[in-house]
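The following is a set of questions and answers about a structure and the terms used to describe it.

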Amino acid sequence: MMDESEDRLDALLRDAAKDYNAPPATPKAELWERIAAARKANGPATARRDDVLPLRRGFRPTARPTLRVALGIAALLALGVAVGRITAPGQPVLTPAAPAPTLGATPGREAPRGELAEQLATVQHLGQAESFLTELNTGKAAQDLVPQAQDLLSTTRLLLDSKRLTDDRTRKLLEDLELVLVQIATLDPKDRREDLGFIADGMAQSHLRTRLRNAIPGGPATRM
Amino acid sequence: MDQNNLVARVLQGDPQAERELYDANVDRVYRLVYRMVGDGELASDYTQDTFIRAFERLASFRGEAALSTWITSIAISVVYNGQRKVRRLRSREVELEHAEPVAVSGRQADPDLKLKLSAAIDALPEGYRTVFLMHDVEGYTHEEIGAALGIQDGTSKAQLSRARAKLRRQLAAYAGDLAS
């Protein structure tokens, strides 16, 4: 009986909701002109794609033979310089580089300083997020969890927008994290307990915390 | 049109293919974005940004989901990011606005039922609201929503159920009006 009345109300709500932010006709031509102009201003599409995925594209085996030879020579030179700089044989060139492979760095390639810094920042961020979500999951979440989630969300989005983020797995992880953080950041204070339970269920289904832990080579980071 | 073929042509720099990809998806993107933001200017900005990003990142599209779903996921990300910035700007301008959407209190005072419903939808948590708009208003399937939001189908169903429950609760007093 109750279900029936709920169904009826849902149907009425659905019907009434059709008027919610009812979209006008799509300004197709105008939008296309804007998109074309913006893309033209940003340079040719192929250059932009190189910008987005520089390493994968550059190191594809389909590259021209002359380019491959040149890349090989460059790699050998880089290796020679790196070997020359090693004072104690057998030690890594850069000690903080340990997290890089987890975040999709290209094997056999030394990450540029900026990229390395960003990888470290990503690891640290994932560690903070993991700690935050663990506390949330164990029910020890602080009262200020909404602002904390908002801070983490901002960093997540900054990392997602970075052109240096070339690893699909890390991107997917950050996107999943973004979705969870959005839900926490917009929690309704009245229904918080129920909503938190629901968010925890969602996290469990996507194995988010496990994936975060797997992406952190040195274990969870310290809290913010 | 085979989507893999279309993607390959776009990646080869075929302008006709770019336009085909745009034409095939722009209505769906614009409608959803407009539903989410309710503002023509913002909807145009976000739609534009969605396609610019889609063209930039098309090389990373692996065909695991439908191209339209992949583009929808970009659109949702663009809207979330953009709305965050909009809210940040608004919160600087209007200190009173913290957790509650700015329009809610004004709409609550309005006797019109549709405005009540709009206010109730505005007040839904962002994730619930997105799922509700995608499923109940724009007709996406749970499978499409799950793929676009990166969540399980079951999570999408559960979020929709929670969203509806919240709306029912908010509008319980008006249930009679709705039925009439």
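This is a predicted model: local features need pLDDT of at least 70, side-chain atom pairs count only at pLDDT 80 or more; totals for chains, interfaces and linings use all residues.

Q: Why is α2(A) called oblique to α2(B)?
A: Helix α2 (residues 28-41) of chain A and helix α2 (residues 15-37) of chain B pack at about 120°, with axes 11 Å apart. Angles under 35 degrees count as roughly parallel, over 145 as roughly antiparallel, 65 to 115 as roughly perpendicular and the rest as oblique. The pair is therefore oblique.

Q: Which residues make the contact of α2(A) with α2(B)?
A: With contact meaning heavy atoms within 4.5 Å, α2(A) contributes A:Lys28, A:Leu31, A:Trp32, A:Ile35 and A:Arg39, while α2(B) contributes B:Glu18, B:Arg19, B:Tyr22, B:Asp23, B:Val26, B:Asp27 and B:Tyr30. These divide into six nonpolar, no polar and six charged residues (Ala, Val, Leu, Ile, Met, Phe, Trp, Tyr, Cys and Pro count as nonpolar, Asp, Glu, Lys and Arg as charged, and the others, Gly among them, as polar).

Q: What makes A:Lys28 and B:Asp27 a salt bridge?
A: A salt bridge is a side-chain nitrogen of Lys or Arg within 4 Å of a carboxyl oxygen of Asp or Glu. The closest N and O atoms of A:Lys28 and B:Asp27 are 3.8 Å apart, so the pair qualifies. The pair crosses between chains, from helix α2 of chain A to helix α2 of chain B. B:Glu18 and A:Arg39 also meet in a salt bridge, at 3.1 Å from N to O.

Q: How many salt bridges does the rule find across the interface of chain A and chain B?
A: The rule finds five across this interface, and the count over all chains comes to 19.

Q: How much area do chain A and chain B bury between them?
A: They bury about 5700 Å², 55% of it on carbon and sulfur atoms; buried area is the accessible area (1.4 Å probe) that two parts lose on being put together, summed over both. The contact takes 56 residues from chain A and 63 residues from chain B.

Q: Why are α7(B) and α9(B) called roughly perpendicular?
A: The axes of helix α7 (residues 126-137) and helix α9 (residues 153-170) of chain B come within 8 Å and cross at roughly 95°. The two helices are therefore roughly perpendicular to each other. Their contact has six nonpolar, four polar and four charged residues.

Key:
Residues are numbered from 1 along each chain as its sequence is written. Chains are lettered from A and ligands numbered from 1 in the order in which they are written. Side-chain values use heavy atoms; hydrogens and water are left out. Axes are lines fitted to C-alpha atoms, for helices over the stretch in contact, and angles run from 0 to 180 degrees between N-to-C directions. Helices (H or I, at least four residues) and strands (E, at least two) are DSSP runs, numbered from the N terminus.
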